[in-house]
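Subject: Structure handover and findings

Hello,

Here is the structure I promised to pass on. Please open it beside this email and read the two together.

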Amino acid sequence: MLVYGGEERRITGILCWMTIAVFCVLLMIIAWTDYKTMRISNRLNAAVFVTGVCAVFTVPGPDVAERMLGMLVISIPMFLTTVLVPGGFGGGDIKLMAAGGLFLGWKGAVLAAVLAVTAGGIWGIFLLVCRKADRRDAFPFGPCLCGGMLGSFVIFCMRESYLIL
């Protein structure tokens, strides 16, 4: 991202923070709807993808190659897991991870997945201990993915965004 003067710097900063805000709001909407319905709509995943494309141009951090790799590094293993273990992940979860990986880059996507799996494991144990679910029951993983992406963004990308202030 090239910044030459005061006005361009201010506009660049506004676009960056707008992109970040849209990403965060979309993740909160996805987390809520998946929690309530156990579905992540293709439209919401497409909106996250478009936000990721915008982030390539507006949010400092990973370069284009790292962002493209971010789309694949977790979503492909999730897809393969679902093929081998039907019902392992929903299609919306896989698409969400790919779209979010474009925004976060590959390092951010890996951290988001680690945070999501950790949160999902804790949530699953809680459900089992409280007898709210059986070990064969499914629960929405989208909220865990969204929380992992937000946490990963704060850890990896936010420090780069301070450069635009």
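Below is what was found in it, from the overall fold down to single residues.

**Ground rules**

This is a predicted model: local features need pLDDT of at least 70, side-chain atom pairs count only at pLDDT 80 or more, and totals for chains, interfaces and linings use all residues. Numbering starts from 1 along each chain as its sequence is written, and side-chain values use heavy atoms, with hydrogens and water left out.

**Overall fold**

The chain has 6 helices and 0 strands. Along the sequence the pattern reads α-α-α-α-α-α. Helices (H or I, at least four residues) and strands (E, at least two) are DSSP runs, numbered from the N terminus.

The chain has 165 residues, and 39% of them count as buried. Buried means under 20% relative accessible area, exposed means over 50%, and partly exposed lies in between (1.4 Å probe, protein chains only). Accessible areas come from the Shrake-Rupley method with a 1.4 Å probe; for residues, only the protein chains shown count as cover.

Among contacts between residues at least 6 apart in sequence, 74% join residues at least 24 apart. A contact here means heavy atoms within 4.5 Å.

**The core**

The largest nonpolar core holds 30 residues. Such a core is a set of buried Ala, Val, Leu, Ile, Met, Phe, Trp, Tyr and Cys residues joined through side-chain atoms within 4.5 Å. The members that touch the most others are L96, M97, F103, L145 and M149. Helices α1 (6-37), α2 (42-58), α5 (91-129) and α6 (142-161) each supply at least two residues of this core. The largest share, 10 residues, comes from α5.

Take M149. Neighbours within four places in sequence aside, M149 is in contact with F23, L27, L96, M97, G100, L104 and A112.

T51 sits in helix α2. T51 counts as buried because its relative accessible area is 6%. Leaving out residues up to four places away in sequence, T51 touches T19, V22, F23, L26 and F103.

**G70 and its partners**

G70 belongs to helix α3 (residues 64-73). With a relative accessible area of 1%, G70 is buried. Which residues does G70 contact, leaving aside its neighbours within four places in sequence? They are M97, G101, L102, G105, W106 and A109. G70 and L104 lie 34 residues apart in sequence, yet 6.7 Å apart in space, C-alpha to C-alpha.

**A nonpolar surface patch**

L72, I76, F79, L80, V83, L84 and V85 make a nonpolar surface patch of about 690 Å². Patches are made of residues with over 30% relative accessible area and no salt bridge: like charges are joined within 9 Å, nonpolar side chains (Val, Leu, Ile, Met, Phe, Trp, Tyr) within 5 Å. A salt bridge is a side-chain nitrogen of Lys or Arg within 4 Å of a carboxyl oxygen of Asp or Glu.

Helix α4 (residues 75-84) gives the most to the patch, with 5 residues. L72 is found in helix α3. At 44% relative accessibility, L72 counts as partly exposed.

**Cysteines**

How many disulfides does the structure hold? There are 0. A disulfide is a pair of cysteine sulfur atoms within 2.5 Å. The closest cysteine sulfur to that of C146 is in C144, 9.2 Å away, so the pair is too far apart for a bond. C146 is buried at 2% relative accessible area. C16 is buried too, at 0%.

**The loop between α1 and α2**

M38 is found in the loop between α1 and α2. Its backbone deserves a look: M38 has a positive phi of about 60° although it is not a glycine. Most residues other than glycine have a negative phi. M38 is partly exposed, with a relative accessible area of 46%.

S41 lies in the loop between α1 and α2 as well. S41 is partly exposed, at 30% relative accessible area. S41 and I30 are 11 residues apart in sequence and 8.2 Å apart in space, C-alpha to C-alpha.

Best regards
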